[in-house]
Amino acid sequence: MAIIQQIIFIAILAGVAWLMYQRIGIIGKTIRLGKEEDRTDQPSKRLSIMMRVAFGQKKMFDRPLIGVLHFAVYVGFILINIEILEIVLDGILGTHRLFSAALSNFYAALIGFFELLALAVLIACAIFLIRRSFLKVERFQPARHREMSGWPQLDGKLILVFEIVLMIAILTMNAADSALQDLGSAHYPITGDFLVSQWFKPLFAEWSEGTLIAYERLAWWIHILGIFIFAVYLTYSKHLHIALAFPNTYFSRLEPKGEMKNMPEITQEVKIMLGLDTQAGDTTVPERFGAKDVADLSWKNLMDAYSCTECGRCTAACPANITGKKLSPRKIMMDTRDRLEEVGRNMLANNGEFVNDNKNLLGDYIIEEEILACTTCNACVQECPVLINPLDIILQLRRHKVMDEAHAPGSWNMMFQNLDTNQAPWKFSANDRFNWASAVVDRGPENKSTESGI
Ligand code: SF4
Ligand code: SF4
């Protein structure tokens, strides 16, 4: 019987490893579809940002209560999973609590510490679930934010239920184990009671040895299968940020937020127009201006999309969204990821090569009305807890719309025309730009106050 369990366990473990290998491979491949962008400068500064923002979750503490609860879930989940090492080895070798003999008394203390973390995760997840289900947090409401309807709404709750079940399984498994130790059951080495699960022991007081063993095994399988399912599920859900928050913050943008990346080809053209650069010879016209589809974005834009937690803090701060415009920076990131996933499926079905599907990020997922509503204020960039930059994607899509498709609102076209002819957004000649000053000078300083109405 034990050997059959071992074989089943090893087969499941191999299946999970293969599925994760496939998923991680396709995610890496789709991110690499993006354009080259060097983000390797200033490694010590980057490391410091990653440690503060991803490891220390600095931005989550902008809202202290949520920050503490999120930190409890994060630390708890990471540390409890150390215990998985023992569970996996037990599953492969057919042993039970493999490390207990070697660690002696320290073993019960260690498991007790993990149990304390499990309890913290359980409480935090229960609070988050109540908050999502009953407190009607505005940024999670599908009626107000269409990107949150359907799967994203379910995904957010599912993972919390998942974690609650896993934590209950681990605590009751330990309690049943303890009760079996009290009965002197074979194969259950004496470790003593554990810190938290001892509170659950009275639940098992009247149970027979056979029923206790059946429950302990059931909880063990629920726990380990839950972890395996979670590991695969994570790669399909917004919870990928648990892993990607680290590289994403490390490779985040170091330049000031307000500094826009210009296209070198356009900068040179403008310089030539203004007579600042007369070397017109080596201007190369790019294949495409801006971005139309995911492959036109940079690899960092694509990693941003996979790292999005769908928290909606960006959208809640976006002035365009607040004033009722169609734009939601969270939707921009979710749409980019959805399109990337579609491209990934296409590649999987075609031996790793993308076959044109006549679809694009711009048009099929994100529409003109959304990108034109952006004020480029950077509020979304400022708010993001994992340093995602939705504005960068919006600007590239807008560049494509305006420069490649020559599709801009009438008022913008007037401004472009003025820039072209007057080198300024207004309809006055560049030579007249200081006329206002000479008018003041002509009247003399005594007349200035009259002009300004003081
Ligand atoms: S930069 Fe654009 S998308 Fe971001 S908050 Fe401002 S208006 Fe919204
Ligand atoms: S872009 Fe950042 S702030 Fe916006 S939903 Fe995603 S993780 Fe949250």
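Tutor: Let's start with a term: helices (H or I, at least four residues) and strands (E, at least two) are DSSP runs, numbered from the N terminus. This is a predicted model, where local features need pLDDT of at least 70, side-chain atom pairs count only at pLDDT 80 or more, and totals for chains, interfaces and linings use all residues. Residues are numbered from 1 along each chain as its sequence is written, and chains are lettered from A and ligands numbered from 1 in the order in which they are written.

Student: How many helices and strands are there in the protein?

Tutor: The protein has 21 helices and zero strands.

Student: Which residues are closest to ligand 1?

Tutor: A residue counts as near a molecule if its C-beta atom, placed from the backbone, lies within 6 Å of it. Ligand 1 has 16 residues around it, and the closest are Cys318, Cys374, Cys377, Ala379 and Cys380. At least two shell residues come from each of α13 (319-322), α17 (379-383) and α18 (390-404). The most come from α18, which gives three.

Student: Where is confidence lowest, and where is it highest?

Tutor: Look at pLDDT, the predictor's confidence in each residue, from 0 to 100. The protein's mean is 89, and 94% of its residues reach 70 or more. Helix α21 (residues 448-452) is lowest at a mean of 45, while helix α11 (residues 299-307) is highest at 97.

Student: What radius of gyration does the protein have?

Tutor: That number is taken over C-alpha atoms, and the globule rule is 2.2 Å times the number of residues to the power 0.38. A compact globule of 454 residues would come out near 22 Å, but this protein has 29 Å. Its C-alpha trace spans about 105 × 60 × 45 Å along the principal axes.
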